[in-house]
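Okay, everyone, thanks for coming. I'd like to walk you through some side-chain contacts today, so let's get the model up on the screen.

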Amino acid sequence: MLTTAIFWITATVLVGSALGVITSRNPVFAALFLVLSFVTSAVLWLLIEAEFLALVLVLVYVGAVMVLFLFVVMMLDVNMTVLREGFARYAPWATIFAGVIVFELVSVIWATGSGLPVANLLAGQAPGHSNTEEIGLELFTKHVVEFELAAFILLLAIVAAIMLTLRQRPGLRRQNVAAQVATRRADRVRLVRVEPERE
């Protein structure tokens with residue numbers, strides 16, 4: 001009973017925050033609503049005993065991706081007026097996609113209550129079971145190359161985002177490593193001889 005109550009409360013918050021993401025006029029508020037959506041989704045993962053996925057959702061998406069998203073939104077001077085001009089043009093496609101998603105969700109809910117084999121409840125795990133250990137063994141034994149490749153792609157994305165913010169614009173101070181290395185003492189330091197004062 002308590003699990004069901006937690007599920008419905010969390011699901012309600014998740015739907016409300018998702019609506020806040022797409023209806024908020026301020027991109028920073030939309031990003032904060034998205035953070036709330038990720039956190040409540042992590043709670044839903046915990047309810048189905050997927051602790052590792054919940055932890056990754058909080059650490060990776062909330063702790064890294066959303067921080068990077070806010071950094072890009074605040075540093076790139078995005079013109080939100082221009083972005084909103086295409087809302088009416090893409091609204092029919094968005095309606096179609098939303099209808100497909102609603103149809104899929106209703107189909108899953110119907111299949112769960114229909115008595116079909118797909119509706120069988122998942123078997124509960126033993127008390128000492130750790131899905132984090134199983135996923136770790138799977139990643140670092142059979143898929144270690146793909147795991148390292150994903151880490152490299154994420155690093156490349158971070159470097160690319162930083163380079164986008166360091167574009168040429170007036171008043172921007174940039175570091176010139178070659179000029180720093182080639183500098184001389186005479187260019188930076190001036191020795192002044194001060195005569196001692198006498199009474």
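Let's start with a question: does Phe38 count as buried or exposed? Phe38 comes out at 17% relative accessibility, so it counts as buried. The cut-offs here are under 20% relative accessible area for buried, over 50% for exposed, and partly exposed in between, with a 1.4 Å probe and protein chains only.

Quick housekeeping before I go on. This is a predicted model, where local features need pLDDT of at least 70, side-chain atom pairs count only at pLDDT 80 or more, and totals for chains, interfaces and linings use all residues. Residues are numbered from 1 along each chain as its sequence is written, and side-chain values use heavy atoms, with hydrogens and water left out.

We describe a pair of aromatic rings by the distance of the centres and the angle of the planes. To pair, rings of Phe, Tyr and Trp (its six-membered ring) need centres within 6.5 Å; planes under 30 degrees apart are stacked, over 60 edge-to-face, and the rest tilted. The structure has three aromatic pairs. In one of them, Phe38 and Tyr61, the ring centres are 5.3 Å apart and the planes sit at 45°, so we call that pair tilted. Phe38 is in helix 2 (residues 27–47) and Tyr61 is in helix 3 (residues 51–75), so the pair ties together parts 23 residues apart in sequence. By helix I mean a DSSP run of H or I, at least four residues, numbered from the N terminus. Tyr61 itself is partly exposed, at a relative accessible area of 38%.

Then there's Phe140 with Phe147, an edge-to-face pair, 4.9 Å centre to centre with 65° between the planes. Phe147 is partly exposed, at 32% relative accessibility.

On to charges. How many salt bridges does the structure hold? Two, where a salt bridge means a side-chain nitrogen of Lys or Arg within 4 Å of a carboxyl oxygen of Asp or Glu. Lys142 bridges to Glu138, with the closest N and O atoms 3.9 Å apart. Lys142 is exposed at 60%, while Glu138 is partly exposed at 35%. Arg193 bridges to Glu195, and there the closest N and O atoms are 3.9 Å apart. Arg193 is exposed at 74%, and Glu195 is exposed at 54%.

Last stop: Ala18, in helix 1 (residues 2–23). Ala18 is partly exposed, with a relative accessible area of 36%. C-alpha to C-alpha, Ala18 and Ala30 are 9.0 Å apart in space, and 12 residues apart in sequence.

Note on methods. Helix = DSSP H or I, 4+ residues; strand = E, 2+ residues; numbered from the N terminus.
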